[in-house]
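Here is a short tour of one chain, written to be read with the sequence and the structure side by side. Keep the viewer open and follow along.

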Amino acid sequence: MHDFSQQEDSTVKIVKLKMAGRSYVLKVKSDQEEQYYLELAKYVEGVLEKIKRGTGVKDYKSLLLLTCFSLADEIINPPKANEIPSKWQGGGDLDFKERLGNILNKLSSHRE
């Protein structure tokens, strides 16, 4: 979800994003840059919501951490060319779910 409006400087656009119930403001210089960040936000929000539904975690900081680990996992262990990671398809990747479960357990046992 987003809306945007022009700032006083016509070369800078203000883009408002809402992710996980929180609002964020970005300053961009072009429509192309705006689209790029909106696509990134949409992707991250999708990952975060998938983790939220799959784990039942409601704590915002824990969701962010799990989302970061998930995105880092995609970078370190990328899918093969033209392959959608199974964790984002209907069935899911058991190994991925186990890794998230292990992270979640460690978070739960070390909360302040």
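Does V44 count as buried, partly exposed or exposed? This is a predicted model, and in it V44 counts as partly exposed, because its relative accessibility is 25%. We will come back to that residue after a look at the whole chain.

**The chain as a whole**

The chain holds three helices and three strands, and along the sequence they follow the pattern β-β-β-α-α-α. Of its 112 residues, 26% are buried. The exposed surface comes to about 8200 Å², with carbon and sulfur atoms supplying 55% of it. If you take the contacts between residues at least 6 apart in sequence, 33% of them join residues at least 24 apart.

Mean pLDDT for the chain is 75, and 64% of the residues reach 70 or more. Confidence is highest in α1, at 90, and lowest in strand β1 (residues 2-6), at a mean of 46. Residues 1-8 have a pLDDT below 50, and this stretch has 21 contacts in the model beyond near neighbours in sequence. Residues 86-92 also stay under 50, and here the model has 19 contacts beyond four places in sequence.

**Helix α1**

With 25 residues, α1 reaches 36 Å from its first C-alpha to its last, which is close to the 36 Å expected at 1.5 Å a residue. Its buried residues are E34, L38, A41, V47, L48 and I51. As background, an α-helix has 3.6 residues a turn, so residues three or four places apart point the same way. After α1 comes G56, whose phi is positive, near 80°.

Y36 has its place in helix α1 and is partly exposed, with a relative accessible area of 48%.

Side chains of opposite charge can pair when their charged atoms come close. How many salt bridges does the count come to? The count comes to two, and K13, D31 and E34 are linked by them in a network.

The side chains of K13 and D31 meet at 2.2 Å, N to O. K13 lies in strand β2 (residues 13-19) and D31 in helix α1 (residues 31-55), so this pair ties together parts that are 18 residues apart in sequence. The other salt bridge joins the side chains of E34 and K13, at 3.1 Å, N to O. That pair also links distant parts of the chain, with E34 in helix α1 and K13 in strand β2, 21 residues apart.

Is K13 buried or exposed? K13 is buried, because its relative accessible area of 12% is under the 20% cut-off. E34 is buried as well.

E33 is also found in helix α1, and it is partly exposed, with a relative accessible area of 26%.

M19 has its place in strand β2. It is buried, because its relative accessible area of 16% falls under 20%. Which residues does M19 touch, not counting those up to four places away in sequence? M19 touches Y24, A41, V44, E45 and Y60.

That brings us back to V44, which has its place in helix α1. Leaving aside neighbours within four places in sequence, V44 is in contact with M19, T67 and L71.

The table sets out some C-alpha separations between residues mentioned above.

| Pair | Apart in sequence | C-alpha to C-alpha |
|---|---|---|
| M19 and A41 | 22 residues | 7.5 Å |
| V44 and M19 | 25 residues | 8.5 Å |
| E33 and K13 | 20 residues | 9.8 Å |

K13 is linked with D31 and E34 in a network of salt bridges, while M19 touches A41, V44 and E45, among others. As you look around, remember that confidence is highest in α1 and lowest in strand β1.

Key: Residues are numbered from 1 along each chain as its sequence is written. Side-chain values use heavy atoms; hydrogens and water are left out. A salt bridge is a side-chain nitrogen of Lys or Arg within 4 Å of a carboxyl oxygen of Asp or Glu. Helices (H or I, at least four residues) and strands (E, at least two) are DSSP runs, numbered from the N terminus. Buried means under 20% relative accessible area, exposed over 50%, partly exposed in between (1.4 Å probe, protein chains only). Contact means heavy atoms within 4.5 Å. Accessible areas come from the Shrake-Rupley method with a 1.4 Å probe; for residues, only the protein chains shown count as cover. The expected span of a helix is 1.5 Å times one less than its number of residues. pLDDT is the predictor's confidence in each residue, from 0 to 100.
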